[in-house]
Amino acid sequence: MSSIGIILGSTRPNRRGAQVAQWVLSTAAQRSDAEFELIDLRDHPLPHLDEPMPPMHGPSIHAHTREWAERINPFDGFVVVTPEYNGGAPGVLKNAIDHLCMEWADKAVGFVSYGVSGGARAVVQLRMVCSTLGMADVSRAVEISVLTDFENYTTFTPRDHHHAALSTMLDQVVSWSTALAPLRADTETTLVDS
């Protein structure tokens, strides 16, 4: 059974993402085809990328990066819950992604975004970053407007079409994670044999 990490990509005070991530987790937990776990970036404070060598060149010299790698590595795929800040993804999320390399490879990723325009521009950027790291980004995304999907701009109230989009996106992430399993197994064998 696939293991899917739901990454909450905002650490801001009063963030709306916690409600969105809990909605994703509670919806996903009703499925029987994968296991889902929330990964809150607040629980993994990483300094701005401070590695002397690029992550593709092997294990980090820093404990915080090794701990982050150990947290991410076991998952077969991810759902990234991201706000859109000024037309892009939050720096803390990009920084967390940039700390690693092989831990992301050959894994599926889907996106749930929120913002004034549904967070679509953040997802466009993240698709490019994830693709560069060898991830398979699924086609369906969930785009949530902070203007129409939050009661009084604070309480998340997903509409019916969001439930349908989330279900489709989760279907894709789980099926792609399963399909990519042989590639991840080949990579693990190569790393052990090296």
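**A guided reading of the predicted fold**

The span of residues 4–142 is 31% helix and 24% strand, and its end C-alpha atoms lie 17 Å apart.

The structure shown is a predicted model. Its pLDDT averages 93 over the chain, and 96% of the residues score at least 70. Residues 189–194 call for caution: there the pLDDT stays under 50. For this stretch the model has zero contacts beyond four places in sequence.

Strands of a sheet pair through backbone hydrogen bonds, in either a parallel or an antiparallel manner. Here five strands form an open sheet, and the pairing is parallel. Reading across the sheet, the order is β2-β1-β3-β4-β5. Strands β2 (34–40) and β5 (136–145) stand at the edges; each has a single partner strand, so one side of each is left without a neighbour in the sheet. From one strand to the next, the twist averages 20°.

Strand β3 (residues 77–83) and strand β4 (residues 108–115) are joined in the parallel sense over seven bridges. Threonine 82 has serine 113, in β4, as its bridge partner. Across β3, β4 and β5 lies helix α4 (residues 120–132), which runs at about 155° to β4.

The loop between β3 and α3 (91–98) contains alanine 89. Which residues does alanine 89 contact, leaving aside its neighbours within four places in sequence? They are Thr82, Pro83, Ala122, Gln125 and Leu126. Thr82 is the residue whose bridge partner is serine 113. Alanine 89 can also be placed relative to arginine 159: the two are 70 residues apart in sequence, and their C-alpha atoms are 24 Å apart in space.

A final feature is the packing of two helices. Two packed helices are described by the angle between their axes and by the distance between those axes. For helix α1 (residues 17–28) and helix α5 (residues 160–179), the axes come within 11 Å and cross at roughly 65°. This crossing of α1 and α5 is right-handed. On the α1 side, Trp23, Val24, Thr27 and Ala28 take part, and they meet His162, His163, Leu166 and Leu170 in α5. Sorted by class, the contact of α1 with α5 comprises five nonpolar residues, three polar residues and no charged residues.

Notes
Residues are numbered from 1 along each chain as its sequence is written. This is a predicted model: local features need pLDDT of at least 70, side-chain atom pairs count only at pLDDT 80 or more; totals for chains, interfaces and linings use all residues. Side-chain values use heavy atoms; hydrogens and water are left out. Helices (H or I, at least four residues) and strands (E, at least two) are DSSP runs, numbered from the N terminus. Axes are lines fitted to C-alpha atoms, for helices over the stretch in contact, and angles run from 0 to 180 degrees between N-to-C directions. A crossing is left-handed if the near helix is turned anticlockwise from the far one by less than a right angle, and right-handed if clockwise. Contact means heavy atoms within 4.5 Å. Ala, Val, Leu, Ile, Met, Phe, Trp, Tyr, Cys and Pro count as nonpolar, Asp, Glu, Lys and Arg as charged, and the others, Gly among them, as polar. pLDDT is the predictor's confidence in each residue, from 0 to 100. Two strands pair if DSSP finds at least two bridges between them.
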